[in-house]
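Subject: Structure for your review

Dear colleague,

Please find below the structure that I am handing over to you. My notes on it follow directly after.

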Amino acid sequence: MRGVAQRRRGNLKTPGEGNQQTEDCILLGMNEIIFLIEEDEVDGGYQAKALGEAIFTFGKNKEELLHNIREAVDCHFDEGKAPKIIRLHYVHDEVYAS
């Protein structure tokens with residue numbers, strides 16, 4: 001896991017070195033954070049939830065959502081510690097009658 005994912009806080013040890021003391025935060029290579037994006041079927045717009053971080057936001061349209069995600073990431077991380085890449089994964093469910 002080391003090299004593919006790093007933990008933001010805590011002691012990350014290579015396998016076999018003992019217990020890992022970590023926070024829930026997993027960032028891919030410390031440079032990327034992934035958000036799951038879903039359409040809000042009740043109120044309209046979009047909801048975003050970061051994987052591995054307690055970051056949630058929403059927007060009335062995709063432009064507002066992206067602005068709110070960038071703002072939320074900047075607020076969540078200490079200065080200079082924010083990931084350089086924000087990946088958006090759009091989740092779209094389709095339901096068909098059988």
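In this predicted model, the buried residues of helix α1 are L65, N68, I69, A72 and V73. These residues lie on the same side of α1, because they cover an arc of only 135° around its axis. The face turned away from this buried side carries the exposed residues E63, D74 and C75. Among the elements that cover the buried residues of α1 are the strands β5 (32-39), β6 (46-50), β7 (56-59) and β8 (85-91).

The helix itself has 15 residues. From its first C-alpha to its last it reaches 21 Å, close to the 21 Å expected at 1.5 Å a residue. At the start of α1, the backbone nitrogen of E63 has a side-chain oxygen of N61 within 3.2 Å.

Why is V73 counted as buried? Its relative accessible area is 2%, and buried means under 20%. Leaving aside residues up to four places away in sequence, V73 touches F35, I55, A82, P83 and I86.

The mean pLDDT of the protein chain is 77, and 69% of its residues reach 70 or more. Over residues 1-28, however, the pLDDT is below 50, although this stretch has 52 contacts in the model beyond near neighbours in sequence. Where pLDDT is low, the predicted coordinates should not be read in detail.

Yours sincerely,
A colleague

Key: Residues numbered from 1 in each chain as written. Predicted model: local features only at pLDDT ≥ 70, side-chain atom pairs only at ≥ 80, totals over all residues. Heavy atoms only, no water. pLDDT = per-residue confidence, 0-100. Contact = heavy atoms within 4.5 Å. Buried < 20%, exposed > 50% of the residue type's maximum accessible area, 1.4 Å probe, protein only. Helix = DSSP H or I, 4+ residues; strand = E, 2+ residues; numbered from the N terminus. Expected span 1.5 Å × (residues − 1). Arc of directions from axis to C-beta. Polar contact = N/O pair within 3.5 Å; in protein donor to acceptor, adjacent residues only side chain to side chain.
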